[in-house]
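I set down here what I looked up in this structure, in the order in which I consulted it.

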Amino acid sequence: MTVEDDRAVVDALVDAVEFCYDQEWTDGLPVVPCTPERLDAFLAHTDRAPDEVLLAMPQIGRECTVRMAALNAAMAGCRPEYLPVVLAVWDSLNAEGYTGKGIWQSTTGTAPLILVNGPVRAELGVNSRGNVFGSGFRANATIGRAIRLAAINVFGLRPHALDQATQGTPAKYTCCIGENQEESPWPAFHEEFGFGPDDSTVTAMTMRSVSQIEARHTSDARQLLRDFAGTVARTGALLQRTISTCLVLSPEHAHLLAGQGFDKPAIREFVFEAAQLSREELDAVGKTAISSTTSWRLPSDHPEAVPDERVDPATDFFHVLTSPDAVQVVVAGASNSGVSAVVDTFGPRGDRPPLVAVPRPGAAGRADPQDLRGPLGGIVATLERDGFAPTWDVTASGDLTFRIGAGSADCSECLVPKSMIEAMLTDALAGTSYRVAEVVMPTEG
Amino acid sequence: MPAVSICTEPFRLAADAMARSYGFPGFDYVVTEHPVASLSRDEVRERVATMLPRILELLGVEG
């Protein structure tokens with residue numbers, strides 16, 4: 001190409017970027033223009049139907065499909081092979097539940113912390129080491145941005161309109177980190193929750209803020225954990241009855257703790273015990289009581305105030321965390337200093353976090369239906385014996401569609417009712433990562 | 001049941017956007033000063049009294 005040709009290409013590209021600005025398709029930064037062919041290249045990385053709904057917001061009557069998620073991932077600057085991770089983020093947000101209930105429209109101004117575990121980190125170049133919350137890595141930058149762009153372009157959640165965030169958070173541009181499993185002394189986050197080391201997962205956690213704890217002053221594990229607990233229990237984070245938290249520990253802090261006998265359960269237990277506030281501290285900020293109508297904290301002289309029964313009458317102290325399980329522990333960052341973070345998460349307050357498996361590359365998104373031959377074997381054998389021809393399909397997120405073809409059966413009415421088939425399948429799938437999405441009876445097929 | 005929406009001044013943009021997304025551009029609602037969350041019970045009563053004529057107007061009550 002000549003210099004003139006190069007200029008023409010750049011001019012056309014700038015025009016396309018400016019066109020996207022004119023359409024308000026951005027978070028303020030330039031987006032990558034997308035063509036139908038480029039969108040197809042993204043969709044080739046999943047077998048999920050382009051029209052499958054990933055997340056719905058009934059309050060505004062809008063939903064995000066696989067196609068729209070892929071389009072916004074392309075515009076965010078993702079590579080096509082990032083799509084399975086982006087889809088897993090949507091599945092995790094959907095499972096967590098806050099997003100579908102309108103938290104992205106709230107004045108609170110949250111963003112999801114997106115945690116990536118497993119081999120997919122290395123495959124896509126997800127940074128889990130130095131500057132993990134910072135800039136410089138395409139996968140971290142664009143996977144988080146893909147979610148924000150869809151919030152803007154698919155759900156129409158633009159600031160000063162449907163996004164009513166009072167201040168928002170820098171994490172709204174992106175907040176995607178890998179766990180530094182390689183430099184962690186403990187089993188990885190996803191292994192704690194039952195996944196294997198060869199599995200990859202994504203966990204989205206709605207959060208208000210990331211507070212940095214630079215702590216190089218002590219080599220005493222208990223002092224260090226109390227320092228973290230002081231930030232966990234800060235009154236500004238306590239709006240309702242209790243809070244939850246995610247500790248993102250630098251490898252140096254993690255090894256200091258592990259060296260003195262702390263594993264992740266012991267850290268949870270210690271931080272739960274240490275994260276307490278006194279009645280006096282609650283009084284000082286007007287948060288001693290609970291509202292009888294909203295469960296928000298209030299001054300004790302407020303007309304709606306009811307006493308907080310969690311304040312121990314014997315000690316006048318109060319645990320800000322519901323239980324040790326309200327503490328998540330992740331290792332991330334460089335092995336070069338004692339700098340960790342406390343993330344103010346919305347939940348889970350002791351519930352299981354919403355981990356979602358990322359399909360292995362090459363599997364083209366869809367989980368292998370053959371995996372279910374074991375669990376479904378009994379039901380399949382019974383149906384086949386009666387002359388039916390059962391088949392099934394599973395999505396990457398584990399949704400099972402079970403079709404009962406008529407086969408050689410001459411009496412489709414002989415079949416047990418659909419609700420019973422659904423119950424049998426639900427039982428058969430207990431203990432697997434799959435769930436029954438749909439049963440198609442012979443008369444419906 | 002007839003109903004009237006009420007919001008405070010800073011939420012006008014969001015209210016208008018919400019109305020458009022439901023297919024009712026220009027939907028009429030009552031606007032009051034911000035804030036409300038920190039008002040005492042008596043202040044809330046005063047606020048309601050001030051808004052009442054406008055609420056009745058939107059409900060189509062003729063005075």
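**Conventions.** I worked from a predicted model, in which local features need pLDDT of at least 70, side-chain atom pairs count only at pLDDT 80 or more, and totals for chains, interfaces and linings use all residues. Residues are numbered from 1 along each chain as its sequence is written, while chains are lettered from A and ligands numbered from 1 in the order in which they are written.

**Confidence.** I noted that the predictor gives the complex an ipTM of 0.74 and a pTM of 0.81. Helices (H or I, at least four residues) and strands (E, at least two) are DSSP runs, numbered from the N terminus.

**Chain A, overall.** I recorded 13 helices and 17 strands in chain A. Along the principal axes, the C-alpha atoms of chain A fill a box of roughly 75 × 70 × 50 Å. I then looked up burial: 40% of the 445 residues of chain A count as buried, that is, 20 or more other C-beta atoms, placed from the backbone, lie within 10 Å of the residue's own.

**Strand β12 of chain A.** I found that five of the five residues of strand β12(A) (residues 327–331) are buried. V327(A), V329(A) and V331(A) point one way, Q328(A) and V330(A) the other way, and all are buried. Strand β6 (residues 244–249) of chain A runs parallel to β12(A), joined to it by five bridges; two strands pair if DSSP finds at least two bridges between them. V248(A) has V330(A) as its bridge partner in β12(A).

**Chain B, annotation.** UniProt, in an unreviewed entry, lists residues 1–60 of chain B as "domain: UGSC-like"; such annotations may be inferred rather than shown by experiment. I computed 48% helix and 10% strand for this span, with its end C-alpha atoms 13 Å apart.

**Contact between the chains.** I counted eight residues from chain A and seven residues from chain B in the contact, where two residues are in contact if their C-beta atoms, placed from the backbone, lie within 7 Å.

Technical notes: Buried ≥ 20, exposed ≤ 12 C-beta atoms within 10 Å, placed from the backbone.
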